[in-house]
Amino acid sequence: MVPFIDLKGQYRMIATEVEGEIKKVMDSQLFILGERVRSLEERIAALCRTPYAIGVASGSDAILLSLMALEIGRDDLVATTPYTFFSTAGSIARLGAIPLFVDIDPDTYNIDPERLAEVLRRKKVKAVIPVHLFGQCADMDPIMEAAERYGVRIVEDAAQAIGASYRGRMAGSMGDTGCFSFFPTKNLGGFGDGGMVVTGNEDLATRIRALRVHGSLRRYYHTYIGCNSRLDEIQAAVLLVKLRYLEGWTEERREKARYYRHLFREADLLGEVRLPVEEAGCRHVYNQFVVRVPSRDALREHLQGLGIGTEVYYPLPLHLQECFSYLGYREGDFPEAERLSRESLALPIYPGLTRESQEEVVEAIRRFYRG
Ligand SMILES: *Cc1c(COP(=O)(O)O)cnc(C)c1O
(Lines give C-alpha, C1' and ligand atoms only; values in the text may rest on other atoms or scores of the structure.)
Protein backbone atom coordinates (compact mmCIF):
# COMPACT_ATOMS: atom_id res chain seq x y z
CA MET A 1 0.00 0.00 0.00
CA VAL A 2 1.49 3.30 -1.08
CA PRO A 3 -0.93 6.23 -1.41
CA PHE A 4 -0.29 8.69 -4.24
CA ILE A 5 -0.20 11.57 -1.75
CA ASP A 6 -0.50 11.81 2.04
CA LEU A 7 -1.78 15.23 3.11
CA LYS A 8 -3.05 13.86 6.43
CA GLY A 9 0.48 12.81 7.36
CA GLN A 10 1.76 16.30 6.65
CA TYR A 11 -1.09 17.83 8.66
CA ARG A 12 -0.37 15.66 11.71
CA MET A 13 3.16 17.10 11.80
CA ILE A 14 2.02 20.72 12.04
CA ALA A 15 -1.53 20.45 13.41
CA THR A 16 -0.91 22.21 16.73
CA GLU A 17 0.90 25.14 15.16
CA VAL A 18 -1.63 25.59 12.37
CA GLU A 19 -4.65 25.33 14.64
CA GLY A 20 -3.15 27.98 16.96
CA GLU A 21 -2.71 30.37 14.04
CA ILE A 22 -6.20 29.75 12.65
CA LYS A 23 -7.63 30.36 16.11
CA LYS A 24 -5.95 33.78 16.18
CA VAL A 25 -7.63 34.71 12.90
CA MET A 26 -11.00 33.58 14.25
CA ASP A 27 -10.50 35.58 17.44
CA SER A 28 -9.66 38.69 15.38
CA GLN A 29 -12.64 38.21 13.01
CA LEU A 30 -10.53 39.93 10.33
CA PHE A 31 -10.64 37.64 7.32
CA ILE A 32 -9.89 39.73 4.24
CA LEU A 33 -6.54 41.32 3.31
CA GLY A 34 -5.11 41.67 6.80
CA GLU A 35 -1.66 41.44 8.33
CA ARG A 36 -1.15 37.75 7.53
CA VAL A 37 -1.75 38.20 3.82
CA ARG A 38 0.67 41.15 3.86
CA SER A 39 3.25 39.15 5.75
CA LEU A 40 2.90 36.17 3.39
CA GLU A 41 3.27 38.52 0.40
CA GLU A 42 6.52 39.87 1.88
CA ARG A 43 7.89 36.41 2.48
CA ILE A 44 7.00 35.05 -0.95
CA ALA A 45 8.54 38.15 -2.54
CA ALA A 46 11.72 37.53 -0.52
CA LEU A 47 11.75 33.85 -1.47
CA CYS A 48 11.42 34.71 -5.17
CA ARG A 49 13.75 37.71 -4.88
CA THR A 50 11.14 39.99 -6.47
CA PRO A 51 10.13 43.44 -5.17
CA TYR A 52 6.36 42.76 -5.22
CA ALA A 53 3.94 39.93 -4.42
CA ILE A 54 0.14 40.06 -4.48
CA GLY A 55 -2.04 37.39 -2.90
CA VAL A 56 -5.04 36.30 -4.98
CA ALA A 57 -7.80 33.70 -4.77
CA SER A 58 -6.13 30.95 -6.82
CA GLY A 59 -3.30 30.11 -9.20
CA SER A 60 -5.77 30.36 -12.05
CA ASP A 61 -6.63 33.91 -11.01
CA ALA A 62 -2.92 34.76 -10.69
CA ILE A 63 -2.61 33.99 -14.41
CA LEU A 64 -5.90 35.70 -15.33
CA LEU A 65 -5.06 38.92 -13.42
CA SER A 66 -1.53 38.96 -14.87
CA LEU A 67 -2.95 38.84 -18.40
CA MET A 68 -5.53 41.50 -17.52
CA ALA A 69 -2.81 43.76 -16.11
CA LEU A 70 -0.87 43.32 -19.36
CA GLU A 71 -4.03 44.39 -21.19
CA ILE A 72 -4.38 41.13 -23.08
CA GLY A 73 -7.80 41.05 -24.66
CA ARG A 74 -9.94 40.16 -27.62
CA ASP A 75 -8.13 38.35 -30.46
CA ASP A 76 -4.66 38.82 -28.97
CA LEU A 77 -2.42 35.81 -29.53
CA VAL A 78 -0.88 34.27 -26.42
CA ALA A 79 1.55 31.38 -26.90
CA THR A 80 1.74 28.51 -24.43
CA THR A 81 2.17 24.77 -24.10
CA PRO A 82 -0.66 22.31 -24.81
CA TYR A 83 0.74 20.11 -22.03
CA THR A 84 -0.29 21.77 -18.78
CA PHE A 85 -3.17 22.14 -16.38
CA PHE A 86 -6.24 23.61 -18.05
CA SER A 87 -6.19 27.07 -16.49
CA THR A 88 -2.98 28.14 -18.25
CA ALA A 89 -4.87 28.24 -21.54
CA GLY A 90 -8.32 28.74 -20.02
CA SER A 91 -7.23 32.12 -18.63
CA ILE A 92 -6.18 33.24 -22.11
CA ALA A 93 -9.47 32.19 -23.66
CA ARG A 94 -11.59 33.75 -20.91
CA LEU A 95 -10.26 37.17 -21.92
CA GLY A 96 -11.24 36.58 -25.54
CA ALA A 97 -7.58 36.15 -26.46
CA ILE A 98 -6.41 33.17 -28.52
CA PRO A 99 -4.25 30.39 -27.10
CA LEU A 100 -1.51 29.59 -29.60
CA PHE A 101 -0.04 26.21 -28.69
CA VAL A 102 3.61 25.26 -29.16
CA ASP A 103 4.81 21.66 -28.75
CA ILE A 104 6.98 20.48 -25.86
CA ASP A 105 10.46 19.09 -25.37
CA PRO A 106 10.10 15.31 -24.81
CA ASP A 107 12.74 15.21 -22.03
CA THR A 108 11.65 18.11 -19.82
CA TYR A 109 7.96 18.17 -20.86
CA ASN A 110 8.25 21.98 -21.05
CA ILE A 111 7.59 24.27 -24.01
CA ASP A 112 10.23 23.85 -26.75
CA PRO A 113 12.08 27.20 -27.01
CA GLU A 114 13.13 26.68 -30.64
CA ARG A 115 9.59 26.00 -31.80
CA LEU A 116 8.44 28.98 -29.74
CA ALA A 117 11.01 31.31 -31.35
CA GLU A 118 9.82 30.18 -34.76
CA VAL A 119 6.19 30.95 -33.86
CA LEU A 120 7.11 34.38 -32.45
CA ARG A 121 9.00 35.16 -35.67
CA ARG A 122 6.01 34.28 -37.86
CA LYS A 123 3.07 35.63 -35.85
CA LYS A 124 2.21 38.78 -33.96
CA VAL A 125 2.11 37.28 -30.48
CA LYS A 126 1.39 39.53 -27.51
CA ALA A 127 2.45 37.32 -24.61
CA VAL A 128 3.82 33.88 -23.82
CA ILE A 129 3.04 31.71 -20.79
CA PRO A 130 5.87 29.25 -20.18
CA VAL A 131 4.87 26.63 -17.58
CA HIS A 132 7.44 25.21 -15.17
CA LEU A 133 5.82 21.81 -15.33
CA PHE A 134 6.05 19.33 -12.44
CA GLY A 135 8.57 21.60 -10.67
CA GLN A 136 11.31 22.27 -13.23
CA CYS A 137 11.70 25.61 -14.96
CA ALA A 138 11.16 25.92 -18.69
CA ASP A 139 14.31 26.82 -20.63
CA MET A 140 13.91 30.54 -19.91
CA ASP A 141 17.05 32.09 -21.47
CA PRO A 142 16.13 31.35 -25.10
CA ILE A 143 12.45 32.03 -24.30
CA MET A 144 13.26 35.48 -22.87
CA GLU A 145 15.66 36.25 -25.69
CA ALA A 146 13.01 35.50 -28.33
CA ALA A 147 10.33 37.36 -26.36
CA GLU A 148 12.54 40.42 -26.11
CA ARG A 149 13.38 40.35 -29.81
CA TYR A 150 9.72 40.39 -30.81
CA GLY A 151 8.37 42.56 -27.97
CA VAL A 152 6.41 39.75 -26.33
CA ARG A 153 5.46 39.86 -22.62
CA ILE A 154 6.05 36.86 -20.35
CA VAL A 155 3.76 35.44 -17.65
CA GLU A 156 5.42 32.50 -15.89
CA ASP A 157 3.08 29.76 -14.75
CA ALA A 158 5.07 28.66 -11.71
CA ALA A 159 2.08 27.00 -10.01
CA GLN A 160 4.01 23.74 -9.58
CA ALA A 161 7.44 25.26 -9.08
CA ILE A 162 7.70 27.35 -5.92
CA GLY A 163 11.36 27.35 -4.84
CA ALA A 164 12.65 26.06 -8.18
CA SER A 165 15.48 27.95 -9.84
CA TYR A 166 16.97 28.39 -13.29
CA ARG A 167 20.63 29.43 -13.67
CA GLY A 168 20.52 31.23 -10.33
CA ARG A 169 17.15 32.93 -10.82
CA MET A 170 14.02 31.91 -8.96
CA ALA A 171 10.93 30.50 -10.68
CA GLY A 172 8.45 33.35 -11.07
CA SER A 173 11.07 36.11 -11.04
CA MET A 174 12.10 36.01 -14.71
CA GLY A 175 8.97 37.07 -16.58
CA ASP A 176 6.85 40.22 -16.33
CA THR A 177 4.93 38.30 -13.67
CA GLY A 178 5.18 34.88 -12.03
CA CYS A 179 2.11 32.95 -10.88
CA PHE A 180 1.86 30.56 -7.94
CA SER A 181 -0.94 28.32 -6.72
CA PHE A 182 -1.58 27.22 -3.14
CA PHE A 183 -3.96 24.44 -4.15
CA PRO A 184 -3.63 21.76 -1.43
CA THR A 185 -1.50 19.39 -3.52
CA LYS A 186 1.06 22.00 -4.58
CA ASN A 187 4.42 22.07 -2.76
CA LEU A 188 3.09 24.93 -0.61
CA GLY A 189 -0.59 24.08 -0.23
CA GLY A 190 -3.31 25.80 1.78
CA PHE A 191 -6.52 24.45 3.30
CA GLY A 192 -8.46 25.51 0.24
CA ASP A 193 -7.73 27.65 -2.80
CA GLY A 194 -5.17 30.44 -2.97
CA GLY A 195 -2.58 31.99 -5.25
CA MET A 196 0.06 34.69 -5.60
CA VAL A 197 1.50 36.88 -8.33
CA VAL A 198 5.10 38.08 -8.05
CA THR A 199 6.60 40.81 -10.20
CA GLY A 200 9.44 43.27 -10.43
CA ASN A 201 7.26 45.81 -12.24
CA GLU A 202 5.71 48.41 -9.92
CA ASP A 203 3.03 49.43 -12.41
CA LEU A 204 1.91 45.81 -12.90
CA ALA A 205 1.92 45.26 -9.12
CA THR A 206 -0.34 48.28 -8.61
CA ARG A 207 -2.73 47.15 -11.33
CA ILE A 208 -2.96 43.59 -10.01
CA ARG A 209 -3.49 44.88 -6.47
CA ALA A 210 -6.41 46.93 -7.84
CA LEU A 211 -7.75 44.17 -10.11
CA ARG A 212 -8.19 41.77 -7.17
CA VAL A 213 -10.58 44.29 -5.52
CA HIS A 214 -12.75 45.13 -8.53
CA GLY A 215 -10.19 47.44 -10.04
CA SER A 216 -10.32 49.88 -7.19
CA LEU A 217 -7.30 51.88 -6.00
CA ARG A 218 -9.44 53.92 -3.61
CA ARG A 219 -12.44 52.35 -1.94
CA TYR A 220 -15.64 52.64 -4.04
CA TYR A 221 -13.79 54.39 -6.91
CA HIS A 222 -13.00 52.00 -9.77
CA THR A 223 -10.14 52.61 -12.19
CA TYR A 224 -10.40 49.22 -13.92
CA ILE A 225 -13.03 46.51 -14.23
CA GLY A 226 -11.53 43.84 -12.02
CA CYS A 227 -12.93 40.99 -9.98
CA ASN A 228 -13.10 39.69 -6.43
CA SER A 229 -9.96 37.62 -6.13
CA ARG A 230 -8.37 37.77 -2.71
CA LEU A 231 -6.34 35.42 -0.61
CA ASP A 232 -7.97 35.20 2.81
CA GLU A 233 -6.39 35.46 6.25
CA ILE A 234 -7.08 31.84 7.22
CA GLN A 235 -5.25 30.57 4.14
CA ALA A 236 -2.41 33.02 4.79
CA ALA A 237 -2.16 31.82 8.41
CA VAL A 238 -1.84 28.20 7.27
CA LEU A 239 0.62 29.09 4.51
CA LEU A 240 2.83 31.13 6.85
CA VAL A 241 3.25 28.08 9.07
CA LYS A 242 3.91 25.76 6.13
CA LEU A 243 6.35 28.20 4.54
CA ARG A 244 8.74 27.61 7.44
CA TYR A 245 8.93 23.95 6.41
CA LEU A 246 8.97 24.45 2.65
CA GLU A 247 12.73 24.37 2.11
CA GLY A 248 13.09 21.16 4.14
CA TRP A 249 10.17 19.56 2.32
CA THR A 250 11.62 20.57 -1.03
CA GLU A 251 14.98 18.98 -0.16
CA GLU A 252 13.08 15.85 0.87
CA ARG A 253 11.29 15.74 -2.50
CA ARG A 254 14.64 16.08 -4.28
CA GLU A 255 16.10 13.29 -2.14
CA LYS A 256 13.14 11.01 -3.01
CA ALA A 257 13.70 11.75 -6.71
CA ARG A 258 17.38 10.74 -6.37
CA TYR A 259 16.38 7.54 -4.64
CA TYR A 260 13.88 6.65 -7.39
CA ARG A 261 16.67 7.17 -9.95
CA HIS A 262 18.92 4.86 -7.96
CA LEU A 263 16.21 2.18 -7.62
CA PHE A 264 15.25 2.20 -11.31
CA ARG A 265 18.92 1.90 -12.29
CA GLU A 266 19.51 -0.97 -9.81
CA ALA A 267 16.39 -2.77 -11.09
CA ASP A 268 17.72 -2.40 -14.65
CA LEU A 269 14.47 -0.75 -15.75
CA LEU A 270 15.86 2.25 -17.62
CA GLY A 271 14.97 0.58 -20.94
CA GLU A 272 11.28 0.57 -20.03
CA VAL A 273 10.98 3.53 -17.68
CA ARG A 274 12.17 6.90 -18.98
CA LEU A 275 12.96 9.10 -16.02
CA PRO A 276 12.33 12.86 -15.91
CA VAL A 277 15.44 14.73 -17.09
CA GLU A 278 16.94 17.27 -14.70
CA GLU A 279 18.53 19.99 -16.80
CA ALA A 280 21.94 21.41 -15.83
CA GLY A 281 21.56 24.64 -13.85
CA CYS A 282 17.97 23.84 -12.87
CA ARG A 283 16.77 23.13 -9.37
CA HIS A 284 13.78 20.81 -9.85
CA VAL A 285 11.36 20.85 -6.88
CA TYR A 286 9.46 17.68 -7.89
CA ASN A 287 5.87 18.67 -7.33
CA GLN A 288 5.49 15.49 -9.38
CA PHE A 289 7.86 12.69 -10.39
CA VAL A 290 6.56 11.84 -13.85
CA VAL A 291 8.03 8.94 -15.83
CA ARG A 292 7.32 7.78 -19.39
CA VAL A 293 6.39 4.15 -19.81
CA PRO A 294 5.03 1.81 -22.50
CA SER A 295 1.61 0.22 -21.78
CA ARG A 296 0.96 2.99 -19.28
CA ASP A 297 -2.71 2.17 -18.63
CA ALA A 298 -2.02 -1.53 -17.99
CA LEU A 299 0.87 -0.67 -15.66
CA ARG A 300 -1.33 1.78 -13.80
CA GLU A 301 -4.01 -0.88 -13.33
CA HIS A 302 -1.40 -3.38 -12.13
CA LEU A 303 -0.13 -0.87 -9.55
CA GLN A 304 -3.64 0.00 -8.44
CA GLY A 305 -4.28 -3.71 -7.83
CA LEU A 306 -1.31 -3.67 -5.44
CA GLY A 307 -2.60 -0.59 -3.62
CA ILE A 308 -0.07 1.78 -5.21
CA GLY A 309 -1.52 5.15 -6.17
CA THR A 310 -0.47 6.91 -9.38
CA GLU A 311 -1.91 9.71 -11.50
CA VAL A 312 -1.93 10.69 -15.15
CA TYR A 313 -0.90 14.29 -15.80
CA TYR A 314 -2.42 14.86 -18.35
CA PRO A 315 -4.56 12.38 -20.30
CA LEU A 316 -5.69 14.83 -23.02
CA PRO A 317 -3.51 17.73 -24.26
CA LEU A 318 -5.27 21.07 -24.29
CA HIS A 319 -5.40 21.52 -28.08
CA LEU A 320 -7.69 18.45 -28.23
CA GLN A 321 -10.09 19.55 -25.47
CA GLU A 322 -13.70 19.86 -26.51
CA CYS A 323 -13.97 23.47 -25.31
CA PHE A 324 -11.09 24.49 -27.62
CA SER A 325 -12.46 22.83 -30.75
CA TYR A 326 -13.25 26.33 -32.12
CA LEU A 327 -9.49 26.93 -32.33
CA GLY A 328 -9.32 24.34 -35.12
CA TYR A 329 -6.47 22.16 -33.86
CA ARG A 330 -6.47 18.45 -34.66
CA GLU A 331 -4.76 15.25 -33.61
CA GLY A 332 -1.22 15.18 -34.94
CA ASP A 333 -0.62 18.92 -34.50
CA PHE A 334 1.61 18.46 -31.43
CA PRO A 335 3.01 14.92 -31.58
CA GLU A 336 5.31 15.26 -28.54
CA ALA A 337 2.49 16.41 -26.26
CA GLU A 338 0.17 13.73 -27.65
CA ARG A 339 2.74 10.97 -27.14
CA LEU A 340 3.46 12.12 -23.59
CA SER A 341 -0.24 12.07 -22.75
CA ARG A 342 -0.23 8.34 -23.61
CA GLU A 343 3.01 7.54 -21.75
CA SER A 344 3.17 9.75 -18.66
CA LEU A 345 2.71 8.32 -15.19
CA ALA A 346 3.15 10.26 -11.96
CA LEU A 347 4.54 8.19 -9.08
CA PRO A 348 4.09 8.95 -5.37
CA ILE A 349 6.50 11.68 -4.21
CA TYR A 350 5.94 13.73 -1.08
CA PRO A 351 7.74 14.61 2.14
CA GLY A 352 7.36 11.68 4.50
CA LEU A 353 7.24 9.03 1.75
CA THR A 354 9.46 6.25 3.10
CA ARG A 355 12.32 4.48 1.33
CA GLU A 356 10.48 1.19 1.86
CA SER A 357 7.46 2.61 0.01
CA GLN A 358 9.64 3.75 -2.88
CA GLU A 359 11.22 0.28 -3.03
CA GLU A 360 7.72 -1.23 -3.10
CA VAL A 361 6.74 1.01 -6.03
CA VAL A 362 9.81 0.14 -8.10
CA GLU A 363 9.58 -3.58 -7.28
CA ALA A 364 5.92 -3.57 -8.39
CA ILE A 365 6.90 -1.92 -11.68
CA ARG A 366 9.71 -4.47 -12.14
CA ARG A 367 7.26 -7.34 -11.72
CA PHE A 368 4.96 -5.80 -14.34
CA TYR A 369 7.66 -5.72 -17.00
CA ARG A 370 9.67 -8.81 -15.97
CA GLY A 371 6.91 -11.06 -14.58
C1 LIG B 1 -2.46 24.15 -10.16
C2 LIG B 1 -2.11 24.79 -11.44
C3 LIG B 1 -2.71 25.99 -11.87
C4 LIG B 1 -3.92 26.60 -11.23
O5 LIG B 1 -3.89 26.75 -9.90
P6 LIG B 1 -5.26 26.79 -9.06
O7 LIG B 1 -4.78 27.37 -7.76
O8 LIG B 1 -5.74 25.39 -8.93
O9 LIG B 1 -6.22 27.69 -9.74
C10 LIG B 1 -2.24 26.58 -13.03
N11 LIG B 1 -1.25 26.03 -13.73
C12 LIG B 1 -0.66 24.89 -13.38
C13 LIG B 1 0.45 24.34 -14.21
C14 LIG B 1 -1.08 24.22 -12.21
O15 LIG B 1 -0.49 23.07 -11.88
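User: Which side chain has an N or O atom 2.5 Å from an oxygen atom of the ligand?

Analyst: Ser60 does. That is a polar contact, a pair of N or O atoms within 3.5 Å. This is a predicted model, where local features need pLDDT of at least 70, side-chain atom pairs count only at pLDDT 80 or more, and totals for chains, interfaces and linings use all residues. Residues are numbered from 1 along each chain as its sequence is written, and side-chain values use heavy atoms, leaving out hydrogens and water.

User: Switching to α1. Where does it bend?

Analyst: At Ile14, by about 70°. The bend is the angle between axes fitted to the seven residues ending there and the seven starting there. Helices here are DSSP runs (H or I, at least four residues), numbered from the N terminus.

User: Is Ile14 buried or exposed?

Analyst: Buried, meaning under 20% relative accessible area (1.4 Å probe, protein chains only). Other buried residues of α1 include Val18, Ile22 and Val25.

User: What do the buried residues of α1 pack against?

Analyst: α2 (35–48) and α8 (233–266). Contact there means heavy atoms within 4.5 Å.

User: What follows α1?

Analyst: Gln29, with a positive phi near 55°.

How values were computed
Helices (H or I, at least four residues) and strands (E, at least two) are DSSP runs, numbered from the N terminus. Buried means under 20% relative accessible area, exposed over 50%, partly exposed in between (1.4 Å probe, protein chains only). A polar contact is a pair of N or O atoms within 3.5 Å; within protein, one must be able to donate a hydrogen and the other to accept it, and residues adjacent in sequence count only if both atoms are side-chain atoms.
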